[in-house]
Amino acid sequence: MTTDTYYMQRCFEQAELGRYTARPNPAVGCVLVKDGHVIAEGWTQAPGQAHAEVHALQQAGAAARGTTAYVSLEPCAHHGRTGPCAEALVRAGVATVVYGMQDPNPLVAGKGLQILRAAGIEVRGPVLEAQAETINPGFNKRMRQGLPWVRCKLAMSLDGRTAMANGESKWITGPEAREDVQRLRARSCAILTGIGTVLADDPALTVRLPDFQGQQPLRVVVDSNNHLPAQARMMTDGGQLLQVLAVPVPGDNPDSAQIKRLALPGIDGKVDLQALLEHLASAYQCNEVLLEAGPRLCGAMLDAGLVDELVTYIAPCLLGHLARPMAVLPGLEHLSQRLELHFLDVAILGKDCRIRSLFSRL
């Protein structure tokens, strides 16, 4: 392992400290090094607060002069809620900047590196670029394609069933798997579900980790024909909710600071799911969306090619052929029509198994 890769790995560890709080900004880590010693470390704080570079520079003070700054993402070059990090590094007098990957944000996209080089700072990179890409898949996709990264979560039996025929599903998986789902929620900007799940389970879809300090994700309900009950938990708990319909928004629109309605009609009286994801990316700056839904909405999202990552929690039990499937995917009659994925990793969580996989188109 080279010196650059060692300290870049430390940057990645720092970035993870802002995993639940940095959004919609990317999670970024910074390490300041001088004469083989770490002077300071930092990560991107909550929106409006210090980015990783500034966080580290604040800790280092005057000792930042002459350091090598390692940063997992190219320092920003634009004015947002905070000033450009590239200019902050110049003012601090750092000698060298080593970056993991270039910022895909069109407002930056190499401009931060230009500022550094114009100031006489040595710039090296990218370093561990492929690994740096995996830290912020949602931010990267939103900047490049105008869409969030969609992660579909499914809890199922070993024979691929998510509920009994009567809808009973609590609990297929154990507490360790359910806690892991809470971490998926915590890193997500929005949680997407369907009206069928709301009517059957009346879920809250909130983050319930004891040490969670981030903002609760936006809850999004696909409700084509406006069947969301006024007494549903998500309508009354004070959290942010977006109800998405395929019909015109009714006159008794309950829009408030917490509850919004949006009509996005598609074909066959259904919600336009592509338009919904585009709206979440542009209007809400959603980087990562967690799909927690029943077999019909999951199937529709999968069939439309709108899911990037599949996270399946598999319990060591069998529910039988009459139980409900993980996804309704009509029209698949031949092996040549199958949806191909490749595995990212496999983990044992208590009695259950978690498999993360990506679609082969990615």
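This tour moves through the structure selection by selection, from its nonpolar cores to a strand and then to its salt bridges.

The model is predicted: local features need pLDDT of at least 70, side-chain atom pairs count only at pLDDT 80 or more, and totals for chains, interfaces and linings use all residues. Residues are numbered from 1 along each chain as its sequence is written, and side-chain values use heavy atoms, with hydrogens and water left out.

**The nonpolar cores**

Begin by selecting L192, V220, L280, L291 and M301. In the largest nonpolar core, which has 38 residues, these five touch the most other members. Such a core is a set of buried Ala, Val, Leu, Ile, Met, Phe, Trp, Tyr and Cys residues joined through side-chain atoms within 4.5 Å. Buried means under 20% relative accessible area, exposed means over 50%, and partly exposed lies in between (1.4 Å probe, protein chains only). Next, display helix 10 (residues 273-283), which gives the most to this core, with five residues. Helices (H or I, at least four residues) and strands (E, at least two) are DSSP runs, numbered from the N terminus.

Centre the view on M301. Leaving aside residues up to four places away in sequence, M301 touches V150, L192, L273, L277, L291, L306 and V307; contact here means heavy atoms within 4.5 Å. Then select A86, M101, V127 and A132, which are included in a second, separate core of 37 residues.

**Strand 16 and its partners**

Select residues 352-359, which form strand 16; seven of its eight residues are buried, so the strand is largely enclosed by the rest of the structure. Which strands pair with strand 16? Strand 13 (residues 309-315) is antiparallel to strand 16 and joined to it by six bridges, and V311 stands opposite R356. Strand 15 (residues 341-349) also runs antiparallel to strand 16, through eight bridges; here I348 stands opposite C353. Two strands are paired if DSSP finds at least two bridges between them.

Move to the turn of the hairpin formed by strands 15 and 16. Two residues lie between the strands, and G350 takes a positive phi near 65°.

**Salt bridges**

Display the charged side chains. A salt bridge is a side-chain nitrogen of Lys or Arg within 4 Å of a carboxyl oxygen of Asp or Glu, and by this rule the count comes to 20.

Select E41 and R10, a salt-bridged pair whose closest N and O atoms are 2.8 Å apart. E41 belongs to strand 2 (residues 37-43) and R10 to helix 1 (residues 3-16), so the pair ties together parts that are 31 residues apart in sequence. E41 counts as buried, at 19% relative accessibility, whereas R10 is partly exposed at 23%.

Continue to D180 and R183, whose side chains meet in a salt bridge (3.3 Å, N to O). Because they are three residues apart in helix 7 (residues 175-186), about one helical turn separates them. D180 is buried at 8% relative accessibility, and R183 is partly exposed at 31%.

D345 lies in strand 15 and R356 in strand 16, so the pair ties together parts that are eleven residues apart in sequence. Both are partly exposed: D345 has a relative accessibility of 23% and R356 one of 25%.

To finish, select R151, E179, D180, R183, R187, E288, E309, D345, R354 and R356, which are linked in a network of salt bridges.
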